[in-house]
Amino acid sequence: MKNYFGIWSILTAALIVIALLSCLDRISVFGMELKPAPIAEKLTRIPEAPENNPIALADEKLKPTKPVNDTVALDTASQSILIIGDSMLEGLNPRLAAYAKENGHRLNSVIWYSSTTEYWGKSDTLKVFLRKFKPTFIFISLGANELFVRNIEQDRDRYVKSLLKQIGDIPYVWIGPPNWKKDTGINRLIAANVPAGCFFLSDGMKFDRQKDGAHPTHESAAKWIDSVARWMPRHGAHPIKMKKPEARSGRPQSVTVLQPLH
């Protein structure tokens with residue numbers, strides 16, 4: 001009986017050694033390759049780091065649980081792109097125009113200085129430019145002038161809804177404001193009103209700023225658009241061709257400038 005106990009002890013010790021070795025990466029023992037055991041993979045696997053996605057840096061309510069368009073095919077058609085918004089377009093336009101030219105799109109821009117969701121939501125200005133340019137894709141850059149508005153989620157919800165109602169079923173991406181301080185709710189307001197894959201959250205990104213401390217430099221704004229372009233294929237609800245251009249900048253087909261109301 002003692003002889004059997006000794007044999008079982010040796011076999012048990014050998015199995016323990018093999019099990020421990022199998023938890024390591026692929027190794028060779030006496031000419032045999034040991035692969036990691038399934039349980040070992042679960043115990044030793046390092047969790048995947050979150051994607052370098054600006055949305056992942058924001059408030060928990062704004063985080064997507066997964067890419068939204070794993071099954072959505074890239075729209076390879078040439079687009080008539082319209083970008084609307086506030087003075088942030090001065091920095092965004094040149095780089096977006098370069099993307100448009102590289103990918104066979106047309107880009108028209110409407111800059112409404114000092115504009116807000118209230119400006120656009122309580123007027124029919126957007127409808128005028130939708131009829132004029134007949135866009136098949138829209139970029140919106142609004143919110144920078146509303147970072148510190150009190151009760152914004154209650155007071156301006158109707159304007160955001162009105163703006164989006166005018167857009168209708170035209171695919172779009174709303175590029176959120178480049179926060180330089182914590183906002184009072186503009187990003188939550190936008191996120192609450194747009195479908196998944198239609199809001200690019202810029203809050204949490206690092207920007208080099210102009211002297212006013214708010215507007216990104218043109219170089220930083222170019223990288224901002226690059227980030228949007230990288231985000232769209234996996235996270236955009238309607239991804240379009242956005243191959244990175246060799247040219248650093250370009251010119252939209254047209255730039256319409258609207259003056260502040262006050």
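**Close-up views of aromatic pairs and a buried arginine**

Trp-112 is buried, at a relative accessible area of 5%. The model shown in these views is predicted.

**View 1. Trp-112 and Trp-120 form an edge-to-face aromatic pair.** A search of the whole structure finds seven aromatic pairs. Trp-120 has 0% relative accessibility and counts as buried.

**View 2. Phe-207 and Trp-224 pair edge-to-face.** Their ring centres lie 5.2 Å apart, with 75° between the planes, so the pair is edge-to-face. Where do the two residues sit? Phe-207 is in the loop between strand E7 (199-200) and helix H9 (218-235), while Trp-224 is in helix H9, so the pair ties together parts that are 17 residues apart in sequence. Phe-207 and Trp-224 are both buried.

**View 3. Arg-95 is a buried residue of helix H3.** Helix H3 spans residues 89-102. Is Arg-95 buried or exposed? Its relative accessibility is 1%, so Arg-95 counts as buried; the cut-off for buried is under 20%. Which residues does Arg-95 contact, leaving aside neighbours within four places in sequence? Arg-95 is in contact with Ala-222, Ile-225, Asp-226, Lys-244, Pro-245, Ala-247 and Arg-248.

Technical notes. Residues are numbered from 1 along each chain as its sequence is written. This is a predicted model: local features need pLDDT of at least 70, side-chain atom pairs count only at pLDDT 80 or more; totals for chains, interfaces and linings use all residues. Side-chain values use heavy atoms; hydrogens and water are left out. Rings of Phe, Tyr and Trp (its six-membered ring) pair if their centres lie within 6.5 Å; planes under 30 degrees apart count as stacked, over 60 as edge-to-face and the rest as tilted. Buried means under 20% relative accessible area, exposed over 50%, partly exposed in between (1.4 Å probe, protein chains only). Helices (H or I, at least four residues) and strands (E, at least two) are DSSP runs, numbered from the N terminus. Contact means heavy atoms within 4.5 Å.
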